[in-house]
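The sequence and the structure are shown below.

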Amino acid sequence: MENTEILLEGAISVKAALEGRHRKIHSLFIEKSKETDKNIRYMIKLAESAGVDVKIKSREELDMMSSAKKYGGVLAVAGERNYSEISELLAAEKPFIALL
């Protein structure tokens, strides 16, 4: 992994990144025993439609990649999060900005 890449661990984190499209996902790693799960199949479809490289791996291979061993059989290598400029937000048809 490059310095600007991070490892997303767990189905919730990976699914949010795939749906949000706020960061480039380079690779999606799925544990072989999980590939038929409905939620996992959905993530694989999202990844494939975005041109993400999907790899099916053994539990042991994923364990070597993961820092936390409770990742639910899903890992992804992702780039930095992309943030929108204020001008882009204001140019939207119905802009909504909340300041805290």
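## Overall dimensions and surface

The accessible surface of the chain amounts to about 7,000 Å², and carbon and sulfur atoms contribute 53% of this area. The model is a predicted one. Its C-alpha atoms occupy a box of roughly 45 × 30 × 25 Å along the principal axes. The chain has 100 residues, of which 28% count as buried.

Among contacts with a separation of 6 or more, 73% are between residues 24 or more positions apart.

## Secondary structure and sheet

Four helices and four strands make up the secondary structure of the chain. Along the sequence they follow the pattern β-α-β-α-β-α-β-α. The four strands form an open sheet with mixed pairing, in the order β1-β4-β2-β3. Strands β1 (6–9) and β3 (53–57) are the edge strands, each pairing on one side only. From one strand to the next, the twist averages 25°. Helix α2 (residues 38–49) packs on this sheet and touches β2 (23–31), β3 and β4. The direction of α2 makes about 140° with that of β2.

The pairing may be followed strand by strand. Strands of a sheet pair through backbone hydrogen bonds, in either a parallel or an antiparallel sense. β1 pairs with β4 (residues 74–81) in the antiparallel sense over four bridges, and Ile-6 has Ala-78 of β4 as its bridge partner. β4 also pairs with β2 in the antiparallel sense, here over six bridges; Arg-23 has Arg-81 of β4 as its bridge partner. β2 and β3 run parallel and are joined by five bridges, with Ser-27 opposite Asp-53 in β3.

## Loop residues

Arg-21 is located in the loop between α1 (11–20) and β2. Its phi is near 55°, a positive value in a residue other than glycine. Arg-21 counts as exposed because its relative accessibility is 52%, and the threshold for this class is over 50%.

Ser-66 is situated in the loop between α3 (59–65) and β4. With a relative accessible area of 7%, Ser-66 is buried. Apart from its neighbours within four places in sequence, Ser-66 is in contact with Leu-7, Glu-9, Tyr-71 and Leu-75. Asn-82 is placed in the loop between β4 and α4. Not counting residues up to four places away in sequence, Asn-82 touches His-22 and Arg-23. Asn-82 and Ile-56 are 26 residues apart in sequence, and their C-alpha atoms are 27 Å apart in space.

Ile-86 lies in helix α4 (residues 86–90). Together with Leu-89, Leu-90, Ile-97 and Leu-99, Ile-86 forms a nonpolar patch on the surface. The accessible area of these residues together is about 500 Å².

Ser-87 also lies in helix α4 and counts as exposed, at 53% relative accessibility. The C-alpha atom of Ser-87 is separated by 20 Å from that of Gly-20, and the two residues are 67 residues apart along the chain.

## Salt bridges

Side chains of opposite charge can pair when their charged atoms come close. The count of salt bridges comes to four. One of them joins the side chains of Glu-31 and Arg-59, at 3.0 Å from N to O. This pair links distant parts of the chain, with Glu-31 in strand β2 and Arg-59 in helix α3, 28 residues apart. Glu-31 counts as buried because its relative accessibility is 9%, whereas Arg-59 is partly exposed at 32%.

Lys-32 forms a salt bridge with Glu-35, the closest N and O atoms being 3.4 Å apart; Lys-32 is exposed, at 55% relative accessibility. Asp-53 forms a salt bridge with Lys-55, for which the closest N and O atoms are 3.4 Å apart. Asp-53 is partly exposed at 36% relative accessibility, and Lys-55 is also partly exposed, with a relative accessible area of 31%.

How values were computed
Residues are numbered from 1 along each chain as its sequence is written. This is a predicted model: local features need pLDDT of at least 70, side-chain atom pairs count only at pLDDT 80 or more; totals for chains, interfaces and linings use all residues. Side-chain values use heavy atoms; hydrogens and water are left out. Two strands pair if DSSP finds at least two bridges between them. Helices (H or I, at least four residues) and strands (E, at least two) are DSSP runs, numbered from the N terminus. Axes are lines fitted to C-alpha atoms, for helices over the stretch in contact, and angles run from 0 to 180 degrees between N-to-C directions. Contact means heavy atoms within 4.5 Å. Patches are made of residues with over 30% relative accessible area and no salt bridge: like charges are joined within 9 Å, nonpolar side chains (Val, Leu, Ile, Met, Phe, Trp, Tyr) within 5 Å. Accessible areas come from the Shrake-Rupley method with a 1.4 Å probe; for residues, only the protein chains shown count as cover. Buried means under 20% relative accessible area, exposed over 50%, partly exposed in between (1.4 Å probe, protein chains only).
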